[in-house]
Amino acid sequence: MNNKGFIQAITILLILASAYQLSFTGITNSVEKKALAKAEKLYGEKTPEAKAYEKTYLDSMQNEEVYPLLGFTYEKCKENELNLGLDLQGGMNVTLEVQTPEVLKAMAGKTEDQAFKAAFDAAQKKFLGQENFVDAFQREYDAIAPQGRLASIFYTRGLENELPNGHTSSNEEVYEYLKREIESAVGRAFEIISTRIDKFGVAQPNVQRLDNGRILVELPGVDDPQRVRDILQSSAKLEFWNVFTNFKGYEYLEQVNKIIYGEQALSGQLDSSLTASSDNDAAVDTANQLGSLNDQGSLSGGNDTTLNDSAAKSNEQIQAENPVLSKLIPNVANEGKNWATSAEIGYIESKDVDTLKAYFKRKDVVASLPTNLKFKFGFKPVQIENKDFYAIYALKSDRDGNPALAGDVITDARPSRQDNFQLAVSMTMNQEGTTAWRRITADASSKSPKECVAVVLDDQVYSAPTVQGEIPNGSSVITGGFDQTEAMDLSNILKAGKLPAPARIAGETTVGPTLGAKAIRAGIVSLAVGFLLVIIFMVLYYGKAGLYADIALLANLVFIIGVLAGLHAALTLPGMAGLVLTIGMAVDANVLIFERVREELQGGKSFKAAIKDGYSGAYSSIIDANITTVIAGVILWVLGKGPVMGFAVILVIGIMSSLFTSIFLTRLFIDRDISKGNETSFYSKFSKKIGERLNLIDWDFIGKRKIFYMVSAVIILAGIVSLSTKGLSLGVDFKGGWSYVVNVDNSNATEIRTALNESIEKANNEVKTYGDNGQYKITTSYMITSNDSSAAKQVTEAVVGALSKFKVSEDNILSSSKVGPTIAKDIAVRSTWAIALAIIGMFLYIFARFRTVGFSLGATTAIFHDVLIVFSLYSILWGIVPFELSIDQAFIAAILTVVGYSINDTVVVFDRVREFLGLNKHEKDIVPVINRAINTTLSRTLITSLTTLLVILILFIFGGEGLKGFTFALLIGVAVGTYSSVCIATPIVVDYLKRFKK
């Protein structure tokens, strides 16, 4: 081999570079073990105090030098260590969707253009995040108003550069302008989210901007998912509002109350005391009457004597006649004699908040109320009789419906302590805000009684203090019973700035540390056992050459992990599966070479000539086989997401690395033996006998091709019947929903499903056994389309509540995930494209390499055959095997891997067929020639399939429940792929060549 010195130098450099990259992981692990040992020594194992001490200790080490000689700090080492995916270390993965339709709506202002409104509504209904919203709007608008002019809606002063033709700008110019603005809004949202995450205090956060207005946020180790949701979804839309007095607000609620049930019905049935009050005392009296009959009970000191038992209507009747007021606990003082001086009208139980919000949006209600009135609720619940209640306020806008002051005047925000030692957030305003704030506070304090000013963030009232006097210095305070974390988060949100459009969580995954640790153990065991078995097999079958292949395999493993660390890519659970799979596939190149060398030796060549010809003869098959697998890996890398992309990264890096180690490293060792006058053994006593028997095999594969066709047809036909009647078990990735892995003792899937269906009605609830030790996977569609920022919390509480009889709490939830409708649709589209592109790519590559449609047709048919059989068996065996067979992203990754492996096997056979056809050009009957070609590759085909199936089987057994379905698909696919390359693909080539007399 030429350039031995260069190969040696490259190998040494790669080893040193990999060792350097992995050394950072060793350093950080050492520091973290020390922190854990100190924490447990002081506070015991796994206590909250120990956890807090460990975090404090590691925070103090951020700028301390911990890397000997090189002087790197702990923070720098942490940045360069091998990243573990969230499925291995625990944490939260969130996909945010910036609500781009809201940007367009805000830009249009309060337009009354009916064509615009109709097009916008139609586009919003059909929009699923697969494209830019402007494109969806353009289609609808052009269809509704082909002669319409959008410039009149969007053009305003200051847009001369954006729309130089002013009001005469064409719609195309307006569309391009809107796209630029939406792109800018998403960019600003990304920067703001990044700033918030930077202040969150999580080690190694990852924030990426995806396509179509999506932002990916990965936060390792977080243990408070709701806090993350609040920080990410807060628009930071800060406003200051004037407030109506509470008794005035109550009068407006009375009007709403009348309209909901109808003015005539109420006036005929209710006592005269329930009519709209004109003063404070009358309002208090009315409030106390209804407050005392509220099913939650009146406030302390309520005027219960105003109605006696004999005269009063039944509790149920008054509640029915007062759908709004009966839900209110009024904010009264002095034993119910007066309204309280604070701004709250009263308190509404959390379960009734959405009902009242819907009432306030009714057109008849809006028309009856003052145009400057807006009802808003408090941000934090108040506990009354162990139930959550929210304060309700009546806010007063200006004539245009705007607040007294917008929050963009805030220049700084920080936690502070009030005189009563309560935590608050102090804010400082710019000059413009200072002037306006002086005027607003002076006006409010001059009234009698003094008025309140509400501080509103994201349409929730945080505080509404009574203004005692003019505030001249532009300072303001938000109070709200904060703890230290809440005050700090709110300060950081305000400082980061307001999002240009609302951001909603379209998908999320939360993995607890317990499940992550279990996944790591399973991955390490799979890797160790798989590696050990392959090493033993290679030495037993190929002797000393097998030992050299094992050394190359070990180097390959080091290179892959080193490159992964250098790229700062995360090692995920599917990534570990990819690592184990790469071990099995890495020996494929060595098997090709070694089998070829054996053939050359059996042909009577000298050892040196056999080595030279064996390596050169195998190059073509090795390159072709690995390129086809790389095609599948790259498609997965580009179109896959999260852990699936991690699998693709490992697969592609592993293929590249294994090519180098398998071809060049083993050759270095063998050439060294030759230079010393030694011959490397390619046999063991065990394998020599097997090899001799395999060489005697002369099966007529082509002659029996119709039998193979019939066997495959029967399986596929049974699969089609099963697919059309039974279908497939679609995972949450494809149908959307919430998914939880929950530990439930002393129960079974049927009992859990019954409990869920009884408690969570009108939702599709599924329960599947997830491994052993009482673990179950629960999937529900409950509230999956809700845009409520607290939806995740409500769904979790609903699931835990439904399982309360099994003594389940939130601590029993090991992991959770959400896939919204837009993400599910996106995954389905990407998966379809991935499989289609993989098949097209394989067809084109085979055609380019073999220059015959017959070979491409045979390879493509084999791919379809393998994919159909995997799908068929997944449908047939669903519900029969004792593990989950869901169609999810991991399954699609397995399908593409099967496609790559199948074509890998097929290409090796095709290469030998092409070689034999070239050597036997004058043979009239090609069937015996092709049969000989297949039989000569049989040893290689069986050995590579055996090693690959061996490591996949290890993954299946030891890899944990999360990989069961994935590895099962691989087991089927590799076995079927081996069969199809010999029994389907090559016979189709023969049929094609015979049919067209090629």
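Predicted model: local features only at pLDDT ≥ 70, side-chain atom pairs only at ≥ 80, totals over all residues.
Residues are numbered from 1 along each chain as its sequence is written, and side-chain values use heavy atoms, without hydrogens and water.

**Helix pair α1 and α2**

- Helix α1 covers residues 4–43 and helix α2 covers residues 48–60 (helices are DSSP runs of H or I, at least four residues; strands are runs of E, at least two; both are numbered from the N terminus).
- Their axes lie 8 Å apart, at an angle of about 140° (axes are lines fitted to C-alpha atoms, for helices over the stretch in contact; angles run from 0 to 180 degrees between N-to-C directions).
- That makes α1 oblique to α2 (under 35 degrees is roughly parallel, over 145 roughly antiparallel, 65 to 115 roughly perpendicular, the rest oblique).
- The contact residues of α1 include V31, A35, L42 and Y43, and those of α2 include A50, Y53 and Y57 (contact means heavy atoms within 4.5 Å).

**The sheet**

- Eight strands form an open sheet with antiparallel pairing, in the order β3-β4-β2-β19-β25-β22-β24-β23 (two strands pair if DSSP finds at least two bridges between them).
- β3 (206–209) and β23 (765–769) are the edge strands; each has a single partner, so one side of each has no neighbour in the sheet.
- From one strand to the next, the twist averages 15°.
- β2 (residues 91–98) and β19 (residues 503–511) run antiparallel and are joined by 8 bridges.
- In this sheet, M92 stands opposite T510 in β19.
- Helix α10 (residues 225–233) lies across β2, β4 (214–220) and β19, at about 155° to β19.

- T986 is buried, at 1% relative accessible area (buried is under 20%, exposed over 50%, partly exposed in between, with a 1.4 Å probe and protein chains only).
- The T986 side chain reaches the backbone oxygen of S981 at 2.9 Å.
- Beyond neighbours within four places in sequence, T986 contacts I702, V909, F910, V913, I930, I934 and S981.
- T978 counts as buried at 12% relative accessibility.
- T978 and S945 are 33 residues apart in sequence, and 6.8 Å apart from C-alpha to C-alpha.
- Leaving aside neighbours within four places in sequence, T978 contacts Y901, D905, T941 and S945.

Notes: Polar contact = N/O pair within 3.5 Å; in protein donor to acceptor, adjacent residues only side chain to side chain.
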